[in-house]
Amino acid sequence: MGLDPADETERARGPGSSRERLAALRARLSGPGGPAVPHPVLPLGLPGVDTHLPGGGLALGPPHEIAPAEPADGVAAFGFALALCGRHLARIPGAALIAAAPGQPLPHGHGLAGLGLDPARLLLLEAGGDAEVFRALEAALHARTLPVLIGLLGGGLPLKPGRRLQLAAEGASPPLVLILRPAEAGLPNGAATRWRIASAPAARDRFGGLDNPRWRARLERCRNGRGGDWLLEWDHAAHRLRLPEPLARDAAAAGRARA
Amino acid sequence: MTRLRRAGLAPERGPLAVAAEGPGGLRLTALDPEASALGLRPGEPLGRVRARIGVPLRVHPADPAADREALLRLCRWAGGYAPIVAPFGPAEAADGLYVDVAGASHLRGGEMRLVDDLAGRLARARIPARIALADIPGGAFALARYGATDRVVVPPGGAAEAVRGLPVEALRLDPGTVSGLRRLGLRRIGELDALARGPLARRFGEALLLRLDQAVGRRPEPLAPLTDAADYSAARGFLDPIDGQADLVATARALMAELAPRLERDGIGACGLRLVLHRVDGVVRALDIGLSRPERCPGRVAALVSLRLDRLGAALDAGFGFETVALAVTVTGAMPARQTDLGAAPAGDGIGFLADALAQRLGRPLLCLGARASHIPERAARPFPWAAATPDSVRPWPDHLPPRPLVLFPRGEAALDVLSIVPEGPPRRFRWRAQVHRVAHAEGPERIAAEWWREPGARSAEAAAGPAQGHASRQGAGSGQARDYYRVECEAGRRLWLYRDGPHAPGRPAAWFVHGLFA
């Protein structure tokens, strides 16, 4: 074999082929799947945020954990997850699955329009507990038919189910997996990122009315990336997140003060 | 007896008996009332009977097969009352039937009317019958056989008490156990039930306790419903019993592969399947598998069976193994021929399989959201089970609604200590879920009137109760008044959907409710 230093034919190629040999060695080291392909990601479309994430976006496949900053911010975290789901669904066809543990809120069909989501592309599953949520997500991961999977947990994401989800997600065309859990401190698990979402005053339109929702998003943990803290605004018509410009916000506030 | 008379094989009058080959020659097996009045009992030898009584007795040979056939005919007729009808098995002497009228009695105007109707029709057909209706099959059997009257209707939960006074024969025991109990002086079910269970089980076996528990409803008793013979079914027997999930799944796959060409020839697919497992010791387990779309692919059926066995786990209880495995198609659906290999699978195909997989694995349906023709927020949308074709009752989503919250509570939750600057305006501060919220911004109102064609009682009650009931009726939605909805944003940045129940009226405290949360 080419790795054998005593192989005369390999040696005869000379030093010019050492680069190829190195590449072959790297390919062998990277595992049986051949050379590592770049992992598919969902870019958030914000250079300021995407540079913090490995690969330039949320990795598709491994679970992403989203937790509210305070228990009362649960809906803000849910909204952020659905915004990411809407962003992904706007790019590829298919439907999203929301598997909810008992007591977790299910979305109101008419309220999804405010986030730019088509209710017809949302499937719901009312699970009997966190364990059933994990089983449902795993079954959906194996089926590979849905591009977005969202699990609403009553407890935390323990290491073992997180790892199982990660293993089930390996392979071609992985979906975006989002795990929402309550505000308590999380244990280490297989999640690729952990977000903390808090509500923030919404954007104002030019008449001072409530416009696009805004959230304060803190990237608490990010494997192979950097954490960060941003104020994000969701534009439901364009299906993109924005960093609100401080100037515009000040002007609106000034307008309100005058009125 | 009734069969012979109805078929014209026996005269209408005169004592009549049926005899069959038993130990020591022919013995009586069934008697009509006139023969019973002569003092005859089933089981007596025919020769001694003929010698004992002076009147001529007409005796017919027993024909169990014809009796069974007649009972099945009666069962099919009784299927008009309720879909689940089960004939009596050998333990019940195979001379009657169960009808599961749960959820079907209102069609006949109540349980009492149903029993009267059934008795009337049977009497017109000259079929003597005793009918008992109870919420436990075992209890109903005991009351029908040994009850005081021909027609017994026991209210729900009363069956256990009603069977206490009945003789122990009503428990469907074998004759040896019955005579043993009688020797001990135990004649009534109530006396038996009062005894310690351990010694009873040691002396008479587990079967006695099982029958006792079934009669008083401590143990569930599944009925073996009579079903029409499936048009598409396949079975496989094994010399060596099989257990283990892999073997069962492989067998299911092979059976489906056997059925698939027949289904394909007729242009249909299976929408419902039943896998029947016969255990070596005679116990039969049936697994029903429902599919969201017609299917005839053996691999997919095998995958669903595997998921179902996953969920059952140890509850399957293979015992010493299964000797026969049968697969029957219970529900069929049209399945036009489709090119399977080339081209992409139609959209929704994968979701259909996922829906089936989740239904087998978790026993829960996949839902999707549908709009309804109502402008009351909590009625305007509802989840319904996912189906490949959207049902007609689901309406398209309106696209001109004012903003709606992402999460809507099923009922409004009361907001307390509401402080408003103007009496008919939005609140400035309120307490909800033990937290004080200060409103930074409010938009509204959006008035949503009650649907006057619903709940007229609730509406008038609210009007009559007046302001004194204002706090007592703080249960949220459904008061039948118009609501004024406001979108408010708190200083913390949370956005809520609040409403005031009913218009502002001077002198009446306004009732405020939080109905939803915006993202």
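## A glutamine in a loop

Is A:Gln104 buried, exposed or partly exposed? In this predicted model, A:Gln104 has a relative accessible area of 27%, so this residue counts as partly exposed. You will find A:Gln104 in chain A, in the loop that runs between strand S4 (96-100) and strand S5 (122-126).

What does A:Gln104 touch, leaving aside residues up to four places away in sequence? The partners are A:Leu152, A:Leu153 and A:Gly154. Another residue to look at is A:Gly74: 30 residues separate A:Gly74 from A:Gln104 along the chain, and their C-alpha atoms are 9.5 Å apart.

## Two helices of chain B

Now over to chain B, where helix H10 (residues 197-204) meets helix H11 (residues 206-216). Their axes come within 6 Å and cross at roughly 125°, which means that H10(B) is oblique to H11(B).

Which residues make this contact? H10(B) brings B:Arg197, B:Leu200, B:Ala201 and B:Phe204, while H11(B) supplies B:Glu206, B:Leu208, B:Leu209 and B:Asp213.

## Cysteines and disulfides

If you are wondering about cysteines, a disulfide is a covalent bond between the sulfur atoms of two of them.

Definitions and conventions:
Residues are numbered from 1 along each chain as its sequence is written. Chains are lettered from A and ligands numbered from 1 in the order in which they are written. This is a predicted model: local features need pLDDT of at least 70, side-chain atom pairs count only at pLDDT 80 or more; totals for chains, interfaces and linings use all residues. Side-chain values use heavy atoms; hydrogens and water are left out. Axes are lines fitted to C-alpha atoms, for helices over the stretch in contact, and angles run from 0 to 180 degrees between N-to-C directions. Helices (H or I, at least four residues) and strands (E, at least two) are DSSP runs, numbered from the N terminus. Angles under 35 degrees count as roughly parallel, over 145 as roughly antiparallel, 65 to 115 as roughly perpendicular and the rest as oblique. Contact means heavy atoms within 4.5 Å. Buried means under 20% relative accessible area, exposed over 50%, partly exposed in between (1.4 Å probe, protein chains only).
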